[in-house]
Structure formats: C-alpha cells, structure tokens
Amino acid sequence: MAILVADLVTRGTSLVPSHFVRPLSDRPNLKEAAAVDSTFPLIDLQGLHGPNRAQVLNDVHQASVNDGFFLVKNHGIADSVMNDMMEISRRFFRLPESERLKSYSEDPTKTVRLSTSFNVKKEKVSNWRDYLRLHCYPLEDYAQHWPAQPSNFRKITSEYCTKVRELALALLEALSESLGLEPDYMNKALGKQGQHMAINYYPPCPEPELTYGLPGHTDPNALTVLLQDDVPGLQVLRDGKWVQVNPIPKALVINIGDQIQVLSNGVYKSVLHRAVVNTDKERISIPTFYCPSPDAIIRPAAQLVDDQHPPLYRSYTYSEFYEKFWDHGLQSQSCVDNFLI
Ligand code: OGA
Ligand code: NI
C-alpha cells in the first residue's frame, strides 16, 4: 500500500480507493464551477508606489471586502524566481519514492515534513494531495533542515521565500492603510511574524468527481500568497457558488486569512476555498502562509470598533487559535467562528 497519493497513482489505479470517496452530499460538482463567471480582480501593484496609490488601496479594499481573494501583478517577484520555484517543486515530487519518504511525517509540529491529505491521524476521508510543508522564517534557522534533494532545492526555495516576505510586508501595509489604520498596524499586531509554506502536489485522479484535493476551508493564518501552475483547481465560494480562480501567468493569488478577518473586525473576509483535481494533469500550488507570532494577541483593531461596530471576536493568542484549527480539521465551517463573542 502506497503512503503517498503520487505513488498510488504511479502503481496504477483506475478507481479512487474508498477512503478518498466523499459522501454524496459533499462532492465537487465540477461542471457547475466551470460554468460560472470566474473573474477575480487583478491588481497592478506597480501603482502602490506612485500617484495611483489611493486607487490601488481602494481596489484592495473592495476585493478584501467582497471576495477575500484577488490576484496581483507587478508584485516584485521576478518570473525567473517563480519559475525556478515551480520547477524545483516538480522535481521534488518526481524524486524516487524512497527519497521523498525521507521527509515523511504525520506530526504537524515538525518544521519540515512531507505528508499527504491534511491531517491523516484525525480525518475520516482522505484528500487527493501530497504536500511538503516547510517553516521558512528566519531562513537561517530552517533552511538547513529542508530536503537535501533536488540539489539546489534549498537555494531556490530560500530565494523565493525572501521575495515573498517582502511582498507580504508590502501587502500588510496596504491592507492596514486601506482600512484607515496606520501603515504599520498589522505588522505590529502580528508580532514576530512566522512564514510557512506548503508545496501541494495534486496527482491526476481517475474519478475527480468523488474526492477533493483539499475540501473547503479558510486559511487560519493572516495572509496567503499562492503561486500556482497553469492547471486550474482552486475554487472560491462566492455568493453561495464555487467559482474557479483561473491561473494567470506571472500573477500571484492573494487571500485574506482568519487573523486579518479578526483584526479588521469582520470587514475583510477570510473566504472558504478548496482545491479540486482532474483526470489528466498533475497540479502544483505553492501557498505561503504568513502568520502571527504564536504569542501575538489577536483582537479587532480598536479604531474599527465603536457603538455601531461592536467587537465581533474575543481576543486570543495565535497559538490558542492554531491548536483549535488542527483539532477542528478542514470543514465547511470556519474555525474563526469559535472565537465569536
Ligand atoms: C491551501 C489551499 C489551494 C490550492 O493550501 O490552503 O487553499 O490551490 N490551497 O492548492
Ligand atoms: Ni487554503
């Protein structure tokens, strides 16, 4: 029996094994999502640094209020850095099974681990996904423990992480300002920020209508920056319908996580999203999860709370939240609801 989905597929399977099969009431309905209009705002970040800053902030505000998702271009990460990251990830997942399994672990507290599905120890139904999860900041603490193969994996991934961090910081400033807060508000509120990354590998699936790559969830962190290849698979819940986020070359997908929903007192939305799989093509997506420090106290910003806008969430530490998140698992109700007042 293969541990990873990729190896199950390599050994040949014309049916999805039963532990991947979702109940009838919880299946992706792939045709429906493909049929709806799937335009998400594409925001040109070039404008952040010039006379159009106010317009860009307004676009960021609208997107964060309405969809919780937007795409960005001219984000400061060179094409070569993104392409190298995607290529080295593909090469990692093409390594022989025995080499990949050197990184395998089911312990979510590990700072480097290859795993499969989501939380194999707790979940009832598995997901059609393998993933390599890495802590990335500070790099000098973590990069030396990352996989040694492929040979330049550490170098390429380090470079990508450094650039993503710069982008995340610029976005935190923009998100703060677009809420009428001081530009450094979120940066300060999140404390010493962590940065984690997943490299998601979704193998082709013989029966994609029966299972998920990842079922619907909201991201528990503050902000997510997603690099995806050219195979569609990400879907976002908009007005009660699942909508596909079509890959746009060179663009990155940004989404608001649960912590910014709380900091903004519910003005910015951490929206349910999921990944679906397909019969023909493997898909790789690389989300960077930008996180508060474990001891950061998260609460709605005082400037956004008044008599008409009472605080929606109680204050808590991020470590308290994160523990609940792993316990709670991926389910269609967001973990953040546990912290409502
Ligand atoms: C995630 C996620 C979406 C995708 O890893 O949290 O939502 O497209 N991934 O892989
Ligand atoms: Ni997600």
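Start by selecting Met82, which sits in helix H4 (residues 79-94); helices (H or I, at least four residues) and strands (E, at least two) are DSSP runs, numbered from the N terminus. Leaving out residues up to four places away in sequence, Met82 touches His75, Ile77, Tyr160, Leu227, Lys250 and Leu252, where contact means heavy atoms within 4.5 Å. Met82 is buried, at a relative accessible area of 4%. Buried means under 20% relative accessible area, exposed over 50%, and partly exposed in between (1.4 Å probe, protein chains only). Ile156 is 74 residues from Met82 in sequence, and their C-alpha atoms are 9.5 Å apart.

This is a predicted model, in which local features need pLDDT of at least 70 and side-chain atom pairs count only at pLDDT 80 or more, while totals for chains, interfaces and linings use all residues. Residues are numbered from 1 along each chain as its sequence is written, chains are lettered from A and ligands numbered from 1 in the order in which they are written, and side-chain values use heavy atoms, with hydrogens and water left out.

Next, select Tyr160. Apart from its neighbours within four places in sequence, Tyr160 is in contact with Val81, Met82, Met85, Met197, Leu227, Leu252, Ile286 and Thr288. Now display the largest nonpolar core, which has 82 residues. Such a core is a set of buried Ala, Val, Leu, Ile, Met, Phe, Trp, Tyr and Cys residues joined through side-chain atoms within 4.5 Å. The members that touch the most others are Trp146, Tyr160, Ile199, Leu223, Leu252, Ile260 and Ile286. Helix H7 (residues 153-178) contributes the most to this core, with eleven residues.

Move to helix H3 (residues 53-66), whose end C-alpha atoms are 20 Å apart; this agrees with the 20 Å that its 14 residues should span at 1.5 Å a residue. The expected span is 1.5 Å times one less than the number of residues. Color Val56, Leu57, Val60, Ala63 and Ser64, the buried residues of H3. They cover an arc of only 130 degrees around the axis, which puts them on the same side of H3; the arc is that of the directions from the helix axis to the C-beta atoms. These buried residues pack against strand S1 (42-44), strand S2 (69-73), H7 and strand S10 (252-256). On the face turned away from the buried side are the exposed residues Ala54 and Asn66. After H3 comes Gly68, with a positive phi near 70 degrees.

Select the nickel ion (ligand 2) next. Its protein donors are His217 (NE2), Asp219 (OD) and His273 (NE2), lying 2.1 Å from it. Donors are N, O and S atoms within 2.8 Å of the metal (3.2 Å for Na, K and Ca); water is not among the atoms, so sites may look incomplete. Asp219 is in the loop between strand S6 (214-217) and strand S7 (223-228) and His273 is in strand S11 (residues 273-275), so the pair ties together parts 54 residues apart in sequence. Asp219 and His273 are both buried.

Then look at the cysteines. The structure holds zero disulfides, a disulfide being a pair of cysteine sulfur atoms within 2.5 Å. For Cys161, the nearest cysteine sulfur is that of Cys136, 3.7 Å away. Cys161 is buried at 2% relative accessibility, and Cys205 is buried at 1%.

Finish at Thr111, in the loop between helix H5 (97-100) and strand S3 (112-116). Thr111 is partly exposed, at 26% relative accessible area. Beyond residues up to four places away in sequence, Thr111 touches Arg133, Leu134, His135 and Tyr142.
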